[in-house]
Amino acid sequence: MKAIRRFTVRPVLPEPLRPLSELARNLRWSWHAETRDLFQSVDPECWAASDGDPVRLLGSVRPARLAELAGDRRFLRRLTAAADDLNDYVTGDRWYQAQSGALPAAVAYFSPEFGVTAALPQYSGGLGILAGDHLKAASDLGVPLIGVGLLYRHGYFRQTLSRDGWQQEHYPVLDPNELPVRLLREEDGSPARVSLALPAGRRLHARVWLAQVGRVPLLMLDSDVEENDLGERGVTDRLYGGGSEHRLLQEMLLGIGGVRAVRAYCRLTGHPDPEVFHTNEGHAGFLGLERIAELAERGLDFDAGLEAVRAGTVFTTHTPVPAGIDRFDRELVARHFGADGELPGIDVERVLRLGMETYPGGEPNLFNMAVMGLRLGQRANGVSVLHGQVSRGMFSGLWPGFDPEEVPITSVTNGVHAPTWVAPEVFRLGARQIGAQRTEDALTVGGSERWDAVAEIPDADIFELRRELREQLVTEVRERLRVSWRQRGAGTAELGWIDGVLDPEVLTIGFARRVPSYKRLTLMLRDRDRLMELLLHPERPIQIVVAGKAHPADDGGKRLVQELVRFADDPRVRHRIVFLPDYGMAMAQKLYPGCDVWLNNPLRPLEACGTSGMKAALNGCLNLSVLDGWWDEWFQPDFGWAIPTADGAGTDEDRRDDIEASALYDLLEQRVAPRFYERGRTGLPDRWIEMVRQTLTLLGPKVLAGRMVREYVERLYAPAAQAHRAMDPDSARELAEWKARVRSAWHEVTVDHVEATAATATAELGTTLGLRVRVGLGGLGPDDVEVQAVSGRVDGEDRITDGSTVPLKQAGGPDLEGRWLYEGPLALDRTGPYGYTVRILPSHRLLASAADMGLVTVPSQELTEGAGVLLR
């Protein structure tokens, strides 16, 4: 019979064991080996059955065992030490507290998903894992972060395969009472609530669950409450599920409700209010509107509120393609705001204007969440150097008149949380070399350019480590493959072959990630005969472990999965290539360390960053990848291989895939496999071991989430906090009024005359020209603008390709025609075809960048043609 209601009956912990509860509720255990070892010793069988989840463990352990542990002095000493260590960790000073300067009192970090641990399955892929690693690294560094997300009752789907290899989705119900979370409660003990207004007088209510991620609180909003109607209860049902209105409500709850949850949390706990709000992708963009509404209640009008909100907002974009951005129909958004919806004090047209694609090629009737994020954030970044460049080009329409390289979107390359992803065996090898504390500091705080201590580890130790990790992976793969085949309907008698799957002595390649088409899961199958030859090579075989989920609505992705599974089912090669369903954090933590090579072959430049190869590298795995994302930035032949890109304009998709697949086969056959199997004088693959050593020495410090979060603090959070403090109500009003005046008068701003004088008749390196420029400013004055000379080498079409800018000084005016004179020197500091131009930009002490307003005036076409290009 089926139960009509499910709940969890928890044992009452004996008084001496009470600290176990606090240790289980703080997710630091997910990356702290000593705490996990303590829980495992409570009951090893229950620990394994609970998939390493302390909350589930404590819910299943026998009372008699708890009573036994309560009298075990050795266990109680370990428990006291673990509890004291956690207390020191969450209360003591760390990196952030040792920094000088005006750092933010707190930062609110919003994301639609968080991958902190498999025990809290609230993630679908890289965006969520990155967000989880961001929280954990912030905790290690002592950054006062507050995470904000949603609690999805079904999380993301669990994946199995049908007999013929088609992806099947399952959505298990998650009971928050069985998760490592607790309700945020008011002082009277009642659950804290936030609510949003919906059309027709309805309301969307949500309670707030709190997960403690080390020092960092993670607030998760849950709409499955009795006050809601059935439709509203389902708003937080699934990650990235439902239609447009469902997604819009999720994002309104995340952004608007999330700000309200932060305010409640700070009120109830005394946590400092955030000075900086960080939007991880556009899903949480509505948070800016809620903050404008808050300021409106204090007397600021919309424009001044917008300036105040922008000053303290950081926006991170993670997608390099417009199709990856959430966009909503204009009328749908309009229906949910204004007098009959949420934020009634803000004019609906002002809301819509923030997200409309008002640039060439944009869709005027679509509301773009990333566009809103950029308009509401004074600081924005991509997640690798290449992705920053792609983003500047993709969003350049928001800054008309500026070259893409001047678009104010910078980049902070992603990193990964080493204590989460480094295998215990790798950590122990480092600890033997430099001590446990120094190893922990190196993996969390970072800060060094190289890990030179790796040079002192003997080759034999590295070789044995890699073999041990590969052997563990083989065992893991066989167990998971057997479970998968049983789910596909196979009987025990059919599965004897699984005992021979993979070989711990064979070169092992990993490929695991989401399965959108651009990641090209099946590129390796382009020439199946050649792949078979590589898999079955008599002297230098390879073996491949593949995992990945296609989005439930992506039949194209599911076909790719099925194609790969059917190839892996072939009895000729099934001992050399496997597909493991239900890719997630628990699998990944075994997969990355056990592989020798991590394969990544996306369509360049569609991989924003791609952090899976970073996690592999921290375990001594070498990367074999297209030069995209982070690999484009940090690739060196010392620690991996680059797959050439066939990106010529005349190359069609099929031809491109053929060329790049052939290059992949060539690299595997001619360079990767020979290097792995080649033996030196000691009988070890010394050249391969040296590549592993270089990976750890040079890549290790770069790929850390600690390095990433320190960059966010120094380059984005600290400047945003300073801008927030400078933008008091009077300054916000001043800036808003100034911007309105400049915009209305900008059409009158002109460059009327440009002339250059040289001390000599010839233009030689080192020569200085004198520039004289007459400009018209209309109703503006010299204090409102900056006049610049832009100079540098020019290409065949007279475009300045590596320009540098020099401000010119006001030298006179206004004349009888109202024109102002500007002068300044122009040094010819480069040889070759050279050119210059002048331009006028708005200038104000509170602008974050010269391009902030997207306004620029350059010489007219007639003036340019009359002047020609200097010294062409």
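Analyst: First, a word on pairing: two strands count as paired if DSSP finds at least two bridges between them. Keep in mind that this is a predicted model.

With that in hand, start with strand S15 (residues 507-512) and strand S16 (residues 542-547): they run parallel and are joined by 6 bridges. Now zoom out to the whole sheet. It's an open one of 6 strands with parallel pairing, and the order reads S17-S16-S15-S18-S19-S20. The edges belong to strand S17 (577-580) and strand S20 (640-643); each has a single partner strand, so one side of each is left without a neighbour in the sheet. On average, and ignoring direction, neighbouring strands here are turned by 20 degrees against each other.

Next, the helices that go with it. Helix H19 (residues 459-487) packs on the sheet and touches S15, S16 and S17, with its direction making about 60 degrees with that of S17. Helix H21 (residues 555-568) lies across S16 and S17, and runs at about 135 degrees to S17.

Helix H2 (residues 33-42) and helix H6 (residues 73-91) have axes that come within 10 Å and cross at roughly 150 degrees. Angles over 145 count as roughly antiparallel, so that is how H2 and H6 lie to each other. H2 passes H6 in a left-handed crossing. At the contact, Asp37, Leu38, Ser41 and Val42 from H2 meet Phe75, Arg78, Leu79 and Ala82 from H6. By class, that contact of H2 with H6 has 5 nonpolar, 1 polar and 2 charged residues.

The other pair is helix H10 (residues 287-297) with helix H11 (residues 302-311): their axes come within 9 Å and cross at roughly 125 degrees. H10 and H11 are therefore oblique to each other, and H10 passes H11 in a right-handed crossing. Gly288, Arg291, Ile292 and Leu295 of H10 make the contact with Phe302, Gly305, Leu306, Ala308 and Val309 of H11. The contact of H10 with H11 divides into 6 nonpolar, 2 polar and 1 charged residues.

Key: Residues numbered from 1 in each chain as written. Predicted model: local features only at pLDDT ≥ 70, side-chain atom pairs only at ≥ 80, totals over all residues. Heavy atoms only, no water. Axes fitted to C-alpha atoms, helices over the stretch in contact; angles between N-to-C directions. Helix = DSSP H or I, 4+ residues; strand = E, 2+ residues; numbered from the N terminus. Parallel < 35°, antiparallel > 145°, perpendicular 65-115°, else oblique. Left-handed = near helix turned anticlockwise from the far one by under 90°. Contact = heavy atoms within 4.5 Å. Nonpolar A, V, L, I, M, F, W, Y, C, P; charged D, E, K, R; others polar.
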